[in-house]
Amino acid sequence: MVGLEFPNISPVMFSVAGLSVRWYSMAYLAGIVLAWLCLVRDIKKYHISFGKTAVEDIIFYITIGIIVGGRLGYAIFYGGSYFWHEPWQILALWKGGMSFHGGAVGAVMGLWYASYRHQIDFWQLTDLAALYAPMGIFFGRLANFINDELWGRVTDVAWAVRFPSGGYLPRHPSQLYEAVCEGLLMLIVLNVLWRFVPIFREKKGTISALFVIFYAVFRIVLENFRQPDAQLGFYFGVLTMGQILSFPLLVFGIYLFWRKFRLEK
C-alpha cells in the first residue's frame, strides 16, 4: 500500500482528575514559555534595557493577543457561516480552530500596547518576538500532525502519510513541511542574522520584516501541498484562504524591509 501508516498518537497528552491536557494546548504553552526564557536570556546577554515587569507584561499581552486574535481570525476567515449563525461558539476554544494571521495581528497589538505602557521601542519589541515566534509555529504544526488535521493533498511520494481523517489516502504531511520551514528554518535564519550580523540588530524592524516575508513565502508555497479547508475550498479555482491572506503580508513585509533597511539611517 502506498504511503506510511499514520502514527496513532492520542491528541490527549495526559489527563488529571478528568481534565484532559491536549498536545495542541501544550504546543502553545511550550512556545510561549520557551520564548519567555530566551527573551530573558537575550536581555541579559545584549544588555537590553527591559525591566522584569516589562518582560512579564510583554509575554502576557502577546499571549492574550494570540488567543483572541487567533480565534477571531479563524471565525472570520475560516469559519464560513457557522460562526455567523452561532457566534457564541467563538468562545469554545476547546473545540479548536485558530488562525495564524489573526494570531499575528493580535500579538502585534499586544506588543504595541506593551511598548506604549513601558515606553519601549516598538520595533525592538517586534524583532525580539520575531526571533522566537517560529518556535511556537514549530510546536503548533507538530500538534496539528498529532491531531490528524490540516493534512496535505493526495500524492504518491514515498513519504506520504495515510491520515485516518483523510480517508487513509496517501497525503503530503504538510504539517511537517510547515513545521520545518516556518518553524525550524525561520528560527535558525533569523537568529543567525540578528546575532552575527550586527546591522540587523542596529536597524530595528528589519528582523520583523524578514519574519513576515519568510512566513508569507513559505505559506504561499506550502499551501500547494496542503488540502484546502473543506468549508472553503479553492478561490478562483486555484488559491486557498491561506495564500490569499499571505499575499498582502508579503507585500507589507517587503515594504517594511525596504523602509527600515534602506531609508532609515
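Helices here are DSSP runs of H or I with at least four residues, numbered from the N terminus.

The model is predicted, so I noted the limits: local features need pLDDT of at least 70, side-chain atom pairs count only at pLDDT 80 or more, and totals for chains, interfaces and linings use all residues. Residues are numbered from 1 along each chain as its sequence is written, and side-chain values use heavy atoms, with hydrogens and water left out.

**Helix H4**

I looked up the span of H4, residues 100-118. Its 19 residues reach 26 Å from first C-alpha to last, close to the 27 Å expected at 1.5 Å a residue; the expected span is 1.5 Å times one less than the number of residues. I then checked burial (under 20% relative accessible area, 1.4 Å probe, protein chains only). Among the buried residues of H4 are His-101, Gly-106, Leu-111 and Ser-115.

**Salt bridges**

I counted 8 salt bridges, each a side-chain nitrogen of Lys or Arg within 4 Å of a carboxyl oxygen of Asp or Glu.

Which residue does Arg-195 pair with? Its partner is Asp-42, with the closest N and O atoms 3.1 Å apart. Arg-195 lies in helix H6 (residues 174-196) and Asp-42 in helix H1 (residues 23-45), 153 residues apart. Both Arg-195 and Asp-42 are buried.

I found Glu-223 bridged to Arg-226, with the closest N and O atoms 3.3 Å apart. Salt bridges that share partners join Arg-141, Glu-178, Glu-182, Arg-219, Glu-223 and Arg-226 into one network.

How values were computed: Helices (H or I, at least four residues) and strands (E, at least two) are DSSP runs, numbered from the N terminus. Buried means under 20% relative accessible area, exposed over 50%, partly exposed in between (1.4 Å probe, protein chains only).
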